[in-house]
Structures are given as structure tokens and as C-alpha cells.
Amino acid sequence: MGYFYQIKLFYIFIIIKFDKMLKNLLNLIYPRLCVGCNTLLLTNETTICSKCLHHLPYTYHWKNHKNDTTKKFEGLLPIEFGISFLYFQKEGIVQEAIHKLKYKGKQEVGTILGDLMSAEIKEFIINQKVDAIIPVPLHPKRLKERGYNQVESFGKAISKNLNITYNDSLLIRNVYTKTQTQKNKDSRQYNKENIFECKFQESDYNKHYLLIDDIITTGATLEKCGKAILKIPNSKVSILTIGYTQS
Ligand SMILES: [Zn+2]
């Protein structure tokens, strides 16, 4: 082995060592934490630790048509199916993860949950023949404040995995809704029927739309969105949310 070759190998070795040190140092300054339990992630883990992944509270709504999500719309909105992916428990993994998705800019939470959900419901969704995924829209003012729609990464992951169009321009929100606490003081504005509007054309007729949201509580928002979508001639609507919580 030539002398220069040995020197070259030595430098490569130093660079690799340095790269590893830099990564460790970065991990020390900006630790990679699990979005569900806030413990340090192992090198082979991303976004959510294997322990949290193992303990995700699946609803299995996709195996039972008369589930808690479907029941919320009985007599209010005719839906093809209703599914929530996970149970949303107070101080649980799902609450923690959705909080980070919604308020801490962690859009990767939506992507990983969307990937997991796609794997679980692939066959079910294909059988249901869904034409497009429609996110519950944010008012443009809210979108500007948050910078993104919290359900977008989840919806786009499903769209990509199951090859279904993601359409965030069909349904729009006309009214800027205040935060939950302010809302209680002024519920009249929230109850306006025309809060959501569907901007459709003939090419949108005769389709099955899958409305998606982060959490379902009373289902009132989704019901209003669903009603707006059903104004499209010969359309069908279904509901899918990340979390389910009892109202
Ligand atoms: Zn965890």
C-alpha cells in the first residue's frame, strides 16, 4: 500500500469520525425527541419511538361500519362511511402528537400517521372507491397565522400511498372562527350555516369525496363541510379523522 494511499484513508477516517461527532453534538443541542412521549429517539427511530408506535390506540373503525364516528352523523348527514384512526385520550400519546402537529410545526406527525393509516385501510378505501380527499379548510387568515393546514401532511400521505387526488381548493371557509374559548362567548357567528362553501364545476359532479380533519369531537364542523359538499350534484361524502374523542 502506497504512502499517499494511506494518508488518503486516514483523512477519510477523520472525516467520518468528525461527521459522527457533529451529529452527536447536534443531537445534544437539538435533541430528537419522540412526539408522543418526549423521550430521546434512537438513531433508527424517526418522529415517534417504537414504544409509542406499539401503544397507539387504534379504533379499528374500518372494521365496523356502525362505529362511534358514523353514529355522530346519524340523522344529520348522510355519509358512506365514517372512520377515526386513533382514540384521543387526555394526556395520551395521540393528544401530545396532535398538539405538536397543530401548534409546534411538526408536520411530519401527519405524514407518519398518514402512512400508518394508509397501510391499515388500503383495502377498505379501494373498495369504497373514493375520488378525492378534501381537508376541512382553514380561513385564509388562520392559514397565514399557522403557516399550514394541520391536516395537510396526513391527507397528502394518504393521497400519495393510495393514489387518490388531494383537493384543497374545492371547499373554502368563509368565516374566520375564533379560538375555542372565544368561540363559547360568541357561538352565533360559528353557527352560521354558510361558514363553508363549495366552489364546484361540472367536472366535480358524480364523485365520492373523503373529508378529513385532525380530531372529531361533536362532529359539527364536519357536518357543515359535508352539507356544503353534498350540494355538488350526485356527490357522496365520507369522513376520516386522525383522532376520536367523546363529546
Ligand atoms: Zn414515544
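**Entry 1: H5 against H7**

I began with helix H5 (residues 108-128) and helix H7 (residues 152-162), whose axes come within 8 Å and cross at roughly 45 degrees. The model is predicted; local features need pLDDT of at least 70, side-chain atom pairs count only at pLDDT 80 or more, and totals for chains, interfaces and linings use all residues. Numbering starts from 1 along each chain as its sequence is written, and side-chain values use heavy atoms, with hydrogens and water left out.

For the axes I took lines fitted to C-alpha atoms, for helices over the stretch in contact, with angles from 0 to 180 degrees between N-to-C directions. Helices (H or I, at least four residues) and strands (E, at least two) are DSSP runs, numbered from the N terminus.

H5 and H7 are therefore oblique to each other. I noted the crossing of H5 and H7 as right-handed (the near helix is turned clockwise from the far one by less than a right angle).

Next I listed the contact (heavy atoms within 4.5 Å). H5 brings Gly 110, Thr 111, Leu 113, Gly 114, Asp 115, Met 117, Ser 118, Lys 122 and Ile 125. H7 brings Ser 153, Phe 154, Ala 157, Ile 158, Asn 161 and Leu 162. By class, the contact residues of H5 with H7 are seven nonpolar, six polar and two charged. Ala, Val, Leu, Ile, Met, Phe, Trp, Tyr, Cys and Pro count as nonpolar, Asp, Glu, Lys and Arg as charged, and the others, Gly among them, as polar.

**Entry 2: the buried side of H7**

I looked up burial in H7 and found Ser 153, Phe 154, Gly 155, Ala 157, Ile 158, Ser 159 and Leu 162 buried. Buried means under 20% relative accessible area, exposed over 50%, partly exposed in between (1.4 Å probe, protein chains only). Just after H7, I marked Asn 163, with a positive phi of about 60 degrees.

Tyr 60 is not a glycine, yet its phi is positive, about 55 degrees. I placed Tyr 60 in the loop between helix H2 (50-54) and helix H3 (68-71). Tyr 60 is partly exposed, at 38% relative accessibility.

Glu 91, also not a glycine, has a positive phi of about 60 degrees. Its loop runs between strand S1 (82-87) and helix H4 (93-103). Glu 91 is exposed, at 76% relative accessibility.

I found Leu 222 in helix H10 (residues 220-229). Leu 222 is buried, with a relative accessible area of 2%. Leaving aside neighbours within four places in sequence, Leu 222 is in contact with Phe 73, Leu 77, Val 136, Leu 211, Asp 213, Ile 216, Ile 239 and Thr 241. From Leu 222 to Ser 238 I have 16 residues in sequence and 9.9 Å in space, C-alpha to C-alpha.

Met 21 sits in helix H1 (residues 3-29). Met 21 is exposed, at 54% relative accessibility. Met 21 and Ser 84 are 63 residues apart in sequence and 43 Å apart in space, C-alpha to C-alpha.

**Entry 3: the whole chain**

The protein chain has ten helices and seven strands. Its C-alpha trace spans about 80 × 40 × 35 Å along the principal axes. Of the 247 residues, 44% are buried.

Note on methods. Parallel < 35°, antiparallel > 145°, perpendicular 65-115°, else oblique.
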